[in-house]
Amino acid sequence: QVQLVESGGRSVQAGDSLRLSCAVSGGTFSNYNMGWFRLRPGKEREFVASITWSGGTTHLADSAKGRFTISRDNAKNTVYLQMNSLKAEDTAEYYCAAKDLELVGEEYDYWGQGTQVRVSS
């Protein structure tokens with residue numbers, strides 16, 4: 001059974017930095033493209049960042065460009081989201097997700113439980 005466990009979320013001040021981690025177990029991490037999503041209060045879940053299985057290609061939402069960086073360590077089965085210059089509007093529950101390249105379909109196959117980030121201005 002594949003499990004994703006996020007960590008690193010906490011309350012910070014605007015302008016601070018935070019690094020989220022997502023540890024993956026129970027599967028073959030190097031077979032997964034990984035993504036970060038967030039759920040802001042009163043909003044629908046939105047894409048934040050993604051990274052391919054090798055780490056060779058990343059994508060960032062417009063709101064994340066210039067401030068956030070996604071990376072992964074396949075030796076540690078972990079994906080990271082480095083968030084700098086945090087804003088109050090970054091307050092959200094952050095989720096990581098895995099797309100198994102051996103499974104059919106475009107949707108992410110596995111999801112974590114989320115980690116809360118709260119940014120106060």
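1. Aromatic cluster. In this predicted model, one aromatic cluster is formed by F37, F47, Y108 and W111. The count of aromatic pairs comes to five. One of them joins F37 and W111, and it is tilted. The ring centres of F37 and W111 are 4.9 Å apart, with 50 degrees between the planes. This pair links distant parts of the chain. F37 belongs to strand β4, residues 32-39. W111 belongs to strand β10, residues 110-111.

2. W111 has a relative accessible area of 29%. That value lies between 20% and 50%, so W111 is partly exposed.

3. Charge over the rings. Which residue places its charged end over the ring of W111? It is R45, at 4.0 Å from the centre of the W111 ring. The charged end of R45 also sits over the ring of F37, here 5.7 Å from the centre. F37 and W111 are the two partners of the tilted pair described above. Both rings also belong to the cluster with F47 and Y108.

4. Disulfide. How many disulfides does a search of the whole structure find? One. A disulfide is a covalent bond between the sulfur atoms of two cysteines. Here the partners are C22 and C96, with their sulfur atoms 1.9 Å apart. The cut-off is 2.5 Å, so the C22 and C96 sulfur atoms qualify as a disulfide. The link of C22 and C96 is right-handed, with 45 degrees about the S-S bond. It joins distant parts of the chain: C22 is in strand β3 (residues 18-25) and C96 is in strand β9, 74 residues apart. C22 and C96 are both buried.

5. R67 is in the loop between β6 (58-60) and β7. Is R67 buried or exposed? The relative accessible area of R67 is 11%, under the 20% limit, so this arginine is buried. The side chain of R67 has polar partners. One is the backbone oxygen of S63, which lies 2.8 Å from a polar atom of the R67 side chain. Another is D90: the side chains of R67 and D90 are joined by a polar contact of 2.7 Å. Beyond its neighbours within four places in sequence, R67 is in contact with Q82, M83, N84, S85, L86, K87 and D90.

6. S85 is placed in the loop between β8 and β9 (92-100). The relative accessibility of S85 is 41%, so this serine counts as partly exposed.

7. Positive phi at N77. N77 is not a glycine either, yet its phi is positive, at about 55 degrees. Where is N77? N77 lies in the loop between β7 (68-73) and β8 (78-83). With a relative accessible area of 26%, N77 is partly exposed.

Conventions. Residues numbered from 1 in each chain as written. Predicted model: local features only at pLDDT ≥ 70, side-chain atom pairs only at ≥ 80, totals over all residues. Heavy atoms only, no water. Helix = DSSP H or I, 4+ residues; strand = E, 2+ residues; numbered from the N terminus. Buried < 20%, exposed > 50% of the residue type's maximum accessible area, 1.4 Å probe, protein only. Phe/Tyr/Trp six-rings, centres within 6.5 Å; stacked < 30°, edge-to-face > 60°. Lys NZ or Arg CZ within 6 Å of the ring centre and 35° of its normal. Polar contact = N/O pair within 3.5 Å; in protein donor to acceptor, adjacent residues only side chain to side chain. Contact = heavy atoms within 4.5 Å.
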